[in-house]
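Here is a short briefing on selected local features.

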Amino acid sequence: ASKSKSKFPFKGAMLSLALTVAGLSIASFINQPTPRPNLVKAVQLDTIGVLNPEIEKKIQSLRETGKLEKDDHVSVVAFDLENEHFMAHVGQDEPRNAASLIKPFIMLAAYHKVKTGTPAPEWLESQIEQMIVKSNNPASTKVLKFIGGLGEAQRIIAQHGFVHTKIKEYIPSDGRTYKNRTSASDLNRLL
């Protein structure tokens, strides 16, 4: 059986959205062979009490229409910021390929180092900005090296309680990174 040809050029990417809508924070991502930018928009948020089944129905519909492949994995977290409780979650604790979503965790580790006494070089803030705002991969490598490397970054992330997030490789210039992992629940906590 042959797979249908992708309509999108990015393989192995993860789509990330962090939205705040009427006090509802959604950190969701889709780990799939190709990103499809408007998948989460299709989830209707007006029936919060039945959000989980609605999300699952939408995922099934996307599979049936070919917008998601059978082997695409979807993770969604809906968190009510006002009342501080989860409203829906699908695959929230499943580690997924992080792609550039590892960068906010790298930023956290860098700020942790500064807060705990490591002097910040003059370039640190601009490199963090490049890493986060422009998704600059060489900047992420430079910040990771400031932190003390992959192992030190991972130690800090674990110390902060992010149990599903694993920083295992530098992100190359071409962005092809496959070993770094995170989950919707870790992203929800961080964002």
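Which residues are buried in helix H5 (residues 150-159)? In this predicted model, they are Leu150, Glu152, Ala153, Gln154, Ile156 and Ile157.

- Helix H2 (103-115) is part of what covers the buried residues of H5.
- Helix H4 (137-147) is also included in that cover.

- Most residues other than glycine have a negative phi.
- Ala99 is not a glycine, yet its phi is positive, at about 45°.
- Ala99 sits in the loop between strand S5 (96-97) and H2.
- Ala99 counts as buried because its relative accessibility is 16%, and buried means under 20%.
- Ser135 is not a glycine either, and has a positive phi of about 55°.
- The loop between helix H3 (124-133) and H4 holds Ser135.
- Ser135 has 33% relative accessibility, so it counts as partly exposed; that class lies between the 20% and 50% cut-offs.

- Arg181 belongs to strand S6 (residues 181-182).
- Arg181 has a relative accessible area of 30%, and is therefore partly exposed.

Key:
Residues are numbered from 1 along each chain as its sequence is written. This is a predicted model: local features need pLDDT of at least 70, side-chain atom pairs count only at pLDDT 80 or more; totals for chains, interfaces and linings use all residues. Side-chain values use heavy atoms; hydrogens and water are left out. Helices (H or I, at least four residues) and strands (E, at least two) are DSSP runs, numbered from the N terminus. Buried means under 20% relative accessible area, exposed over 50%, partly exposed in between (1.4 Å probe, protein chains only). Contact means heavy atoms within 4.5 Å.
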